[in-house]
Amino acid sequence: MVKRKLCEPLENRKGSLYFDGFSVEELAQKYDTPLYVLSEKRIRENYNRLYDALAGKYKDVRIYYACKANTNLTVLKILQLEGAYLDAVSPGEVFMGLSSGFAPERILFTGTSVRSDELKFLVDAGVTINIDSQSELDRLFKIAVPSTISIRVNPEIGDGHHDHCITAGPQVKFGLCEEDVLKAYAVAKKARVERFGIHMHIGSGILNINSYIQAVEKLLGIAKRVHDELDITFDFIDIGGGFGVSYHPDDDDLNLSEFVSKIVSLFKAKVKEYKLGKPFLCVEPGRYIICDASILLTTVNTVKLTPYRKFIGVDAGFNTLARPAMYGSYHHILAANKLNSKSNETFDVVGPLCESGDVLAKDRKLPLIVEGDVLAVLNAGAYGFSMSSQYNSRPRAAEVMICQGKPVLVREREQFQDLLLSQRVALQGE
Ligand code: LLP
């Protein structure tokens with residue numbers, strides 16, 4: 001296991017925090033806060049580290065970036081240029097992928113509870129559809145019979161950092177269980193689908209290699225049955241995403257080389273044993289690619305000492321970063337200009353929303369904080385902006401990317417006018 005300290009793209013220069021070579025205080029001053037800051041360099045590094053680890057062990061590998069983690073257009077463009085494929089879970093994500101230059105053949109749609117008009121959109125767009133239910137398959141075939149179909153398997157083994165993020169197992173809505181998988185492929189074969197894939201995604205934020213290995217084994221066992229019983233050969237086998245990232249400085253990172261080596265060895269051995277041909281090995285990471293490639297900057301508005309607690313009130317709440325409120329997730333927080341000060345104080349870092357659950361960090365050890373300080377919330381790239389909202393009628397944050405060596409505003413801060421978009425006032429003429 002590998003320990004993570006303050007490491008790239010973060011840097012401590014004489015007590016001040018730098019991100020990808022730039023002072024975060026200066027960025028906060030120039031672009032205002034709350035502000036997501038992203039690193040092009042880190043996105044490329046994360047992608048290539050994973051690609052090299054996989055391709056070093058198995059040549060025919062594809063990385064589908066799970067863009068639900070972050071659909072910023074520049075992020076998508078960078079990954080498209082790196083040669084990534086795209087995992088999209090909604091027509092909107094397909095639209096974002098196409099808009100950023102992904103060819104439709106490189107997009108795999110894995111939706112759930114999909115509408116028929118959405119299926120029509122996907123067929124017209126020419127993306128590959130990964131089926132989540134028999135109903136979806138039947139409705140798709142009424143619209144068209146695509147040349148390629150993939151089925152999402154529920155391998156009945158799930159894992160993840162929180163119950164909400166476990167996406168396989170008996171209680172979970174996703175995918176088809178073994179016998180239903182066989183029925184669905186039989187229907188697809190009868191409808192004269194020509195090429196096939198098979199897919200699973202067991203959850204998100206997985207640091208436990210064993211559950212992943214068991215699920216891969218189960219998936220490949222099901223692939224064997226489909227192959228043997230229906231004479232179907234797979235062009236690709238997609239084992240999903242979910243590779244965990246450590247959020248706490250004392251936690252261990254995922255040991256990538258051990259993880260990859262165990263998964264790929266198993267994959268190769270089973271594909272050979274089951275005579276599954278030469279399928280592409282596909283993975284679908286979101287968090288691994290983008291999580292540590294972005295931080296959230298927020299300014300301290302108030303320091304409030306009550307008889308019971310010490311609150312730091314900042315300008316980012318769960319409208320800006322939902323994960324702590326939604327999953328109780330830990331995000332490490334640094335005071336941008338106090339990296340060399342001792343963290344002797346215990347604070348609750350709270351946002352500006354009118355809810356008591358608007359907490360970014362509870363009982364957090366920090367240096368003495370004063371109003372005007374800039375705090376950096378780490379590991380904010382995955383499911384940060386993409387889950388943000390306008391709750392309490394607060395316009396969404398801006399995004400700046402350190403791109404080709406300089407900061408570029410890649411998403412403007414929303415203004416009050418944006419709160420009015422799409423609204424129509426009834427009662428006209430009153
Ligand atoms: N593939 C599929 C079909 C997925 O549903 C997901 C995530 C992924 C891939 C990518 O998972 P990742 O590699 O990013 O873990 N909002 C939660 C995470 C929910 C993930 C949902 N599906 C969070 O903030 O932790």
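## Basis of the model

Residues are numbered from 1 along each chain as its sequence is written, and side-chain values use heavy atoms, without hydrogens or water. In this predicted model, local features need pLDDT of at least 70 and side-chain atom pairs count only at pLDDT 80 or more, whereas totals for chains, interfaces and linings use all residues.

## Ligand site

The ligand is surrounded by 20 residues (a heavy atom within 4 Å), of which His161, Ser204, Glu284, Arg323 and Tyr383 are the closest. This shell comprises 6 nonpolar, 8 polar and 6 charged residues; Asp, Glu, Lys and Arg count as charged, Ala, Val, Leu, Ile, Met, Phe, Trp, Tyr, Cys and Pro as nonpolar, and the others, Gly among them, as polar. Because domain 1 (10-39 + 291-420) and domain 2 (111-285) both contribute residues to the shell, the ligand lies between them; the domain bounds come from an automatic or database assignment.

## Ligand contacts

An oxygen atom of the ligand lies 2.6 Å from a side-chain N or O atom of Arg323. Ligand nitrogen atoms are placed 2.7 Å from a side-chain N or O atom of Tyr327 and 3.2 Å from one of Asp87. The protein covers 92% of the 590 Å² of accessible area that the ligand has on its own (Shrake-Rupley method, 1.4 Å probe).

The whole structure holds 1 cavity of 30 Å³ or more (a set of points on a 1 Å grid over the protein atoms alone where a 1.4 Å probe fits but cannot get out). The largest cavity contains about 40 Å³ of space, a volume filled by probe spheres set on grid points joined across faces, edges and corners. Its lining residues (an atom within 4 Å of a point) are Leu54, Ile239, Phe243, Phe259, Val260, Ile263, Val264 and Val283.

Technical notes
Polar contact = N/O pair within 3.5 Å; in protein donor to acceptor, adjacent residues only side chain to side chain. 1 Å grid on protein atoms, 1.4 Å probe; cavity = no way out; pocket = protein on both sides within 12 Å on 5 of 7 lines; lining within 4 Å.
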